[in-house]
Amino acid sequence: IGLRVAAEQTSEYPEKMLEKEKYGSYREQKKIKLGTKEGYICLDPESVFCANAVKERHQIELYLDHRKILSPVTLDQAKNCLGDGFRFCNKSCLVNLKKIRSVDLKERFLWLENGMRCEISFREVQFFKKYGRQQGG
């Protein structure tokens, strides 16, 4: 159980899948296969807002548009599978850089488009300065 590539269980890298759009054209879409307690689901990494480590349970929570998924993988494994569009804002939280709404550098928090608030570690403050509108003094 864990993160796997859709349609190819041996690879550690997400597979680019073709998704049919309107008018018969195709576009590449990266999908990942996520292991859960109930089985596997395929999802688009772009639909993930953030991933948080669950204390003392050796699993992560992935927050999507309208749901939360528990998976028995590490945050490092999730980062490798989700790709370069994700960054650790602290040791236990991985965020989708495209989903950042605003950043408060004074209080060291960032807000995602879904309303979630994540703490930024001291070492990551410099990186997150360029994202969102600065709210704090």
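How do the residues of the lining of the second largest pocket divide into nonpolar, polar and charged? Hold that thought for a moment. One caution before the answer: this is a predicted model.

Now the answer. The lining of this second largest pocket has 5 nonpolar, 3 polar and 3 charged residues. The pocket's volume is about 180 Å³. It is lined by 11 residues, and those closest to its centre are Thr-36, Lys-37, Glu-38, Leu-70 and Ser-71. Strand β7, residues 68-71, gives the largest share of the lining, with 3 residues.

Next, the helix. Helix α1 runs over residues 75-82. Four names to look for here are Leu-75, Ala-78, Cys-81 and Leu-82, which are buried. Look down the axis of α1: the buried residues fall within an arc of 125 degrees, so they line one face of the helix. Now turn to the face pointing away from that buried side. There you find Asp-76 and Asn-80, and they are exposed.

On to the charged pairs. Side chains of opposite charge can pair when their charged atoms come close. How many salt bridges does the structure hold? There are 4. I will walk through some of them.

Start with Lys-98 and Glu-46. They form a salt bridge, with the closest N and O atoms 3.5 Å apart. Lys-98 sits in the loop between β9 and β10, and Glu-46 in the loop between β4 and β5, so the pair ties together parts that are 52 residues apart in sequence. Lys-98 is exposed, at a relative accessible area of 60%. Glu-46 is partly exposed, at 37%.

Next, Lys-68 and Glu-61. This is a salt bridge too, and the closest N and O atoms are 3.5 Å apart. Lys-68 is partly exposed, with 47% relative accessibility. Glu-61 has a relative accessible area of 16%; the cut-off for buried is under 20%, so Glu-61 counts as buried.

Then Glu-119 and Arg-108. Their side chains meet in a salt bridge at 2.9 Å, N to O. Glu-119 belongs to strand β12, Arg-108 to the loop between β10 and β11, and the pair links distant parts of the chain, 11 residues apart. Glu-119 is partly exposed, at 40% relative accessibility. Arg-108 is buried, with a relative accessible area of 15%.

Is Cys-50 buried or exposed? Buried, with a relative accessible area of 0%. Cys-50 lies in strand β5. Leaving out residues up to four places away in sequence, Cys-50 touches Glu-61, Leu-62, Tyr-63, Cys-93, Leu-94, Val-95, Leu-112 and Met-116. Pick out Met-116 from that list. Cys-50 and Met-116 are 66 residues apart in sequence, yet 8.9 Å apart in space, C-alpha to C-alpha.

Last stop: Asn-96. It is found in strand β9, residues 93-96. Asn-96 is buried, at 1% relative accessibility. Which residues does Asn-96 touch, not counting residues up to four places away in sequence? They are Pro-45, Glu-46, Val-48, Phe-49, Gly-85, Phe-86 and Leu-112. Glu-46 is the salt-bridge partner of Lys-98.

Notes. Residues numbered from 1 in each chain as written. Predicted model: local features only at pLDDT ≥ 70, side-chain atom pairs only at ≥ 80, totals over all residues. Heavy atoms only, no water. Helix = DSSP H or I, 4+ residues; strand = E, 2+ residues; numbered from the N terminus. Buried < 20%, exposed > 50% of the residue type's maximum accessible area, 1.4 Å probe, protein only. Contact = heavy atoms within 4.5 Å. Arc of directions from axis to C-beta. 1 Å grid on protein atoms, 1.4 Å probe; cavity = no way out; pocket = protein on both sides within 12 Å on 5 of 7 lines; lining within 4 Å. Points joined across faces, edges and corners; volume = space filled by probe spheres on them. Nonpolar A, V, L, I, M, F, W, Y, C, P; charged D, E, K, R; others polar.
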